[in-house]
Amino acid sequence: MKFTPAKPSLHGETLDSLGARLAEAGEPAYRARQILGWLYKKRAASWDEMTNLPRPLRAWLAETFDLESTSLVLGRQSEDVTDKLLLELRDLSLIETVIIRAPQEGVGLDQSRKTICISTQVGCAMGCVFCASGLAGLKRDLSAGEIVHQLVQVCRREDAHTPRARAELASFDNIVVMGMGEPLHNYENLLRALTILNAEWGLGFGARRITLSTSGLVPKILQLADEAAGFRLAISLHGATNEVRGQIMPINKRWPLEELLPAVRTFSDKHGRMVTLEFILIEGVNDMLDQAAKLRDIAGDLHAHVNLIPYNTVEGLPWKCPSLTRQQNFMAVLQERGVSVTLRREKGRDIDAACGQLRLKTERDRAASPAA
Ligand code: SF4
């Protein structure tokens with residue numbers, strides 16, 4: 001379950017931790033900022049690019065740290081606005097990172113607003129029955145460096161399309177931690193990674209533009225409520241009663257709604273921010289109007305925003321997406337009472353956009369032809 005790489009990822013180091021390692025090696029403190037500048041401002045992909053570092057220091061860095069903890073196996077662009085990166089880790093595990101573009105009038109797709117969806121684990125232990133990522137269980141947590149490196153890969157890719165972005169800190173607008181894995185199940189590594197993304201010596205990416213999504217780990221939601229970092233929170237609700245939620249999300253048995261909802265309230269009270277309730281609409285499972293009415297009451301009570309997501313079918317699983325009429329009828333029940341709600345357009349169906357699908361397919365292909 002735990003993977004110990006031959007060398008730690010340099011992208012998992014903070015200014016302080018790198019400074020301490022350099023001090024042990026007899027290097028001056030200012031070198032830490034120089035090195036981090038190469039990582040996050042110039043997106044260096046090789047030690048040789050770090051031309052203002054003396055050769056012996058570059059050699060020490062190469063012996064001590066891993067510069068590329070993920071490598072791009074596949075970058076697939078869908079016919080719509082979604083771009084999916086399949087990344088390989090040092091132990092040959094696969095993870096997914098997704099770029100979602102929001103088309104804007106009069107602006108080309110390259111210039112449009114971009115949200116990056118990142119993964120935090122290889123597989124997932126939560127076992128939501130509709131999800132491709134949870135099908136084979138949890139393989140391992142990602143290190144902080146592997147989490148950060150996903151964003152560096154995205155920056156490099158986006159820099160190539162939009163040279164203007166090179167001068168900026170990050171070439172995207174929002175980060176959602178909603179990819180493979182339960183983010184709060186890998187809490188320490190995730191928080192370290194987000195600290196690096198947020199820091200002025202890192203990507204300088206504002207905490208308010210980072211949303212953490214959880215299936216409902218109540219103790220960790222409460223712990224996050226005590227952090228001063230200011231990240232946004234989304235809850236994968238997917239059922240408005242214990243009966244329905246419990247059928248599709250095993251975590252509901254451990255932390256049912258009567259424990260989850262007060263924890264969400266604690267978070268939003270402490271941070272003064274609207275929480276988002278994610279609700280994947282699955283035909284015949286949770287798309288009934290009585291679920292809509294219950295969801296409306298929960299959202300109204302929490303002053304939460306609701307994001308309705310039509311189910312993206314997963315090969316080998318029986319669940320289906322409701323018709324557009326059913327989706328709209330469901331949404332109308334929430335709108336009637338003034339609940340803030342959006343119905344997401346399906347994105348990336350042609351590139352296996354449902355969480356974990358591209359990875360699953362590639363792993364199956366690899367198993368079928370191991371020499372490939
Ligand atoms: S939906 Fe999220 S929490 Fe549930 S199994 Fe999939 S990745 Fe894990």
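**Working chat: contacts, charges and packing**

Biologist: Which residues is E182 in contact with, leaving aside its neighbours within four places in sequence?
Modeller: E182 is in contact with T120, Q121, C124, M126, S213, T214, S215, G216 and L217, where contact means heavy atoms within 4.5 Å. This is a predicted model, in which local features need pLDDT of at least 70 and side-chain atom pairs count only at pLDDT 80 or more, while totals for chains, interfaces and linings use all residues. Residues are numbered from 1 along each chain as its sequence is written, and side-chain values use heavy atoms, with hydrogens and water left out.

Biologist: Where is E182 found?
Modeller: E182 sits in the loop between β7 (174-177) and α5 (187-198). Helices (H or I, at least four residues) and strands (E, at least two) are DSSP runs, numbered from the N terminus.

Biologist: Is E182 buried or exposed, and what is the nearest side chain of opposite charge?
Modeller: E182 is buried, that is, under 20% relative accessible area, with exposed meaning over 50% and partly exposed in between (1.4 Å probe, protein chains only). E182 has no salt bridge, and the nearest side chain of opposite charge is R245, 8.0 Å away. Here Lys and Arg count as positive and Asp and Glu as negative, whereas His and the chain ends are not counted.

Biologist: How many salt bridges does the model have, then?
Modeller: The count comes to 13, a salt bridge being a side-chain nitrogen of Lys or Arg within 4 Å of a carboxyl oxygen of Asp or Glu. One of them joins E96 and K84, at 2.9 Å from N to O. E96 lies in strand β3 (residues 94-102) and K84 in strand β2 (residues 82-89), so this pair ties together parts that are 12 residues apart in sequence.

Biologist: Are E96 and K84 buried or exposed?
Modeller: E96 counts as buried at 5% relative accessibility, and K84 counts as buried at 0%.

Biologist: What about E146 and R140?
Modeller: These two also form a salt bridge, with the closest N and O atoms 3.0 Å apart. Both E146 and R140 are buried.

Biologist: And what is the N to O distance for D297 and R296?
Modeller: Their side chains meet in a salt bridge at 3.4 Å. D297 is partly exposed, with a relative accessible area of 45%, whereas R296 counts as buried at 12%. Elsewhere, salt bridges that share partners join D83, R101 and R157 into one network.

Biologist: Which residues touch the most other members of the largest nonpolar core?
Modeller: L277 and L295 do, in a core of 105 residues. A nonpolar core is a set of buried Ala, Val, Leu, Ile, Met, Phe, Trp, Tyr and Cys residues joined through side-chain atoms within 4.5 Å. Not counting residues up to four places away in sequence, L277 touches I235, L237, L295, I298, A299, L302, A304, H305, V306 and N307.

Biologist: What does V333 touch?
Modeller: V333, in helix α11 (residues 324-336), touches L289, A292, A293 and R296, not counting residues up to four places away in sequence. V333 and L289 are 44 residues apart in sequence, yet their C-alpha atoms are 7.4 Å apart in space.

Biologist: How many residues of helix α2 are buried?
Modeller: Helix α2 (residues 30-40) is mostly covered, with 8 of its 11 residues buried. The buried residues of α1 pack against α2, α3 (55-64) and α5.
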